[in-house]
Amino acid sequence: MPNKKRRRPTTQIADLSQKILKILKREPGKLFNHKQIAAKLQVDDPNSRNEIVKELSQLTAKKHVEEKERGKFSFNASSHYHTGKLDCTSKGDGYVIVEGMEQDIYIPKNNMNKALNGDTVKVYVYKQRRSKKHEGEIVEVIERKTEEFVGVIQMQKSFAFVNTSAEGKMRTDIFVPKNKIGDAKDGEKVLVKIEDWPEKADSPFGRVIQVLGMPGEHNTEIHSILAQYGLPHDFPKEVEEYANNIDTSIKEEEIKKRRDMRDVLTFTIDPKDAKDFDDALSFQKLENGNYEVGIHIADVSHYVVPGTILDDEAYERATSVYLVDRVVPMLPEILSNNACSLRPNEEKYTFSAVFELDKSSGKVLNQWFGRTVTYSDARFAYEEAQQIIETREGNIPAEVSITGKEYTSPDSIVEATLELDRLAKIMRKQRMKNGAISFDKVEVKFNLDEDNEPVGVFFKSSKDANKLIEEFMLLANKKVAEFIGNQSPKKTFVYRIHDEPNDEKLAALQTIAGRFGYKMNYKDRKSTTASLNNLLSDVAGKKEQNLIDTLTIRTMSKAVYSTDNIGHYGLAFDYYSHFTSPIRRYPDVMVHRLLQHYLDQGKSANEEEYEQKCKHSSDMEYLATSAERDSIKYMQVKFMQDHKDEIFLGVISGVTEWGIYVEIIDNKCEGMIRLRDIKGDHYDFDQEQYAIVGRKSKQTITLGDEVYVKVKEADLVKKHLDFTLIGTKAEYESKAK
């Protein structure tokens with residue numbers, strides 16, 4: 001008899017296994033028989049019931065379902081449930097990242113079940129037949145990453161939608177009923193809070209909680225960046241009032257409790273535009289010929305007391321946020337720019353690390369930690385200190401001077417600066433020898449006019465004066481961490497840790513660096529760090545510097561705060577902490593408190609509580625960094641809007657299947673050329689070569705090539721630049737001749 005395909009009954013239920021699993025998953029503890037499932041599916045014909053019976057039998061065989069009693073089934077949760085974090089793509093699908101699982105779980109768009117980017121979710125995993133990748137379905141949102149989103153409000157007659165598509169990976173609009181629109185007007189940017197997501201609704205329901213202004217306006221966009229990351233821009237009134245009422249005068253009875261170092265030569269070196277000076281250096285020669293160097297840090301913990309609304313606010317913020325045109329401080333101005341700022345010719349309460357250093361080798365012979373009172377004799381900008389280091393004398397010309405007037409620095413300060421610079425260079429050299437990695441990434445800065453319009457771009461790089469301060473701050477951070485870390489029994493402490501780089505990322509860096517002719521050697525720790533340092537020094541000043549610097553930083557793990565000390569890979573330190581910036585970082589405040597507690601012979605603090613605080617501080621640091629990056633991107637787009645008719649030379653910094661990314665050499669602005677926009681040929685993406693290849697011409701344009709581009713579109717709201725390709729460097733320059 002011919003093997004004819006049996007016709008399926010017309011009542012066949014589509015996606016039956018998924019539907020059955022959904023019913024069982026909704027009530028994981030309950031038992032269902034086939035009739036109850038049929039009722040839930042709203043079918044009652046014999047064919048459908050037979051199908052359900054067969055499907056239940058197959059699901060039981062696959063261990064997706066358990067037959068707890070004869071004919072009664074429940075969902076087998078044990079092997080298929082995982083908890084992780086959802087990372088959405090711009091296409092609306094996403095991946096759940098589960099700790100300890102090698103492979104991320106792919107979630108198709110229709111299996112998101114009300115989860116949004118960054119949410120902690122429970123996911124049910126089933127393996128795809130054709131490919132080995134895990135695929136799954138989100139069954140529960142355990143914790144929302146945020147309920148507040150930025151978008152543009154679009155008014156309808158009796159309701160509104162907030163369109164969030166320009167603000168990252170949000171995959172849905174938010175529905176706002178008429179009575180929850182507030183004062184928002186059509187087309188304005190708003191901050192909206194999700195309040196509900198009804199079962200049958202495609203979009204969540206929300207309420208407008210803040211009107212940010214019209215898209216494209218400077219303040220609107222800056223406030224949008226802060227709002228998008230849940231960062232505040234003003235202090236609550238009661239916190240301001242509390243801070244303003246703190247007694248910040250220097251008291252004789254408090255001085256008696258501290259080491260008095262007011263007579264020791266002390267000065268600050270900071271950026272020219274700094275308003276808060278949270279660290280100062282003191283220098284004196286000892287009778288035995290050695291030097292005593294003090295690293296003095298503003299004693300923030302004297303004013304910010306646990307259990308107060310000021311401390312709660314500082315903890316919530318966890319960090320100051322440095323945007324392109326403003327600083328959003330962690331502490332109110334009365335503290336950050338006044339009482340805790342080590343301003344010249346003022347006495348201040350400080351927390352100090354004081355070292356006796358060998359004059360010739362810079363080795364630490366003795367150390368002391370504790371509360372002090374200091375008096376800053378002078379304030380320098382980095383440029384002024386650099387002038388002393390370069391000329392070896394104290395004459396500061398008008399163009400370098402902070403005041404704009406020429407002056408001569410006292411001999412004592414000149415000598416101190418030169419000796420500190422010499423010691424810092426010895427310490428740095430030793431650090432590099434021990435395997436530290438030297439990141440001197442060029443920072444992009446903008447010259448802004450009084451309306452915050454970018455009128456120019458300049459690059460900031462680290463010179464000897466910056467490195468002098470950096471080296472002594474590193475010394476204090478390291479020695480404080482060692483002092484606590486080496487104590488027995490073990491004490492709970494806040495460490496700054498940095499794990500080893502990821503092998504896959506190192507391999508990718510090797511491939512890309514190889515395209516520019518650089519060789520890497522990852523045989524062991526020593527050869528890896530030597531290779532990375534050689535690479536970073538070889539690219540300095542070259543067209544590919546920013547690309548290679550950025551990629552090298554990306555190969556690194558992220559430094560975070562933790563009570564579990566694993567050392568700091570990038571600095572090659574076994575112990576490291578953050579002690580030197582309590583005005584702008586909450587972990588430093590915690591370090592001051594713990595250090596004083598242990599100096600007072602206190603018992604070890606609660607590890608679980610401090611680990612939670614470390615995690616919060618790391619999370620807030622990540623958000624602040626993201627906001628800072630967005631504000632730079634915004635300003636770059638704004639800057640390029642005014643240069644639409646110019647032709648720029650750029651270097652190809654990324655190649656994808658949809659386009660190539662180009663970074664302009666003169667100003668580090670990065671934009672994209674879409675493949676479909678390239679005239680004269682159709683280009684295909686070649687993943688192996690990091691290149692695009694013309695079908696007709698066979699012309700290859702590859703990562704690192706120099707090309708001339710023009711701005712096609714500068715979208716301020718999306719913070720996105722589109723370029724038009726004018727031609728490769730060779731083509732363009734030969735035509736110009």
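User: What makes two strands a pair here, and which residue is the bridge partner of Ala-691 in S33?

Analyst: Two strands pair if DSSP finds at least two bridges between them. Strands are DSSP runs (E, at least two residues), numbered from the N terminus. The bridge partner of Ala-691 in S33 is Thr-702. Strand S32 (residues 691-694) and S33 are joined by 3 bridges. At least two are needed, so they pair. They run antiparallel.

User: What kind of model is this, and how are residues numbered?

Analyst: The model is predicted: local features need pLDDT of at least 70, side-chain atom pairs count only at pLDDT 80 or more, and totals for chains, interfaces and linings use all residues. Residues are numbered from 1 along each chain as its sequence is written, and side-chain values use heavy atoms, with hydrogens and water left out.

User: What makes S31 and S33 edge strands?

Analyst: The open sheet has 3 strands in the order S31-S32-S33, with antiparallel pairing. Strand S31 (683-686) and strand S33 (700-702) each pair on one side only.

User: How do you know that S14 and S21 pair, and in which sense?

Analyst: Strand S14 (residues 266-270) and S21 share 4 bridges. The cut-off is at least two, so they pair. The sense is parallel. Phe-267 stands opposite Ala-378 in S21.

User: Which residues of S21 point one way, and are they buried or exposed?

Analyst: Ala-378 and Phe-380 point one way, Arg-379 and Ala-381 the other. All are buried, meaning under 20% relative accessible area (1.4 Å probe, protein chains only). In a regular strand the side chains alternate between the two faces of the sheet.

Definitions and conventions. Buried < 20%, exposed > 50% of the residue type's maximum accessible area, 1.4 Å probe, protein only.
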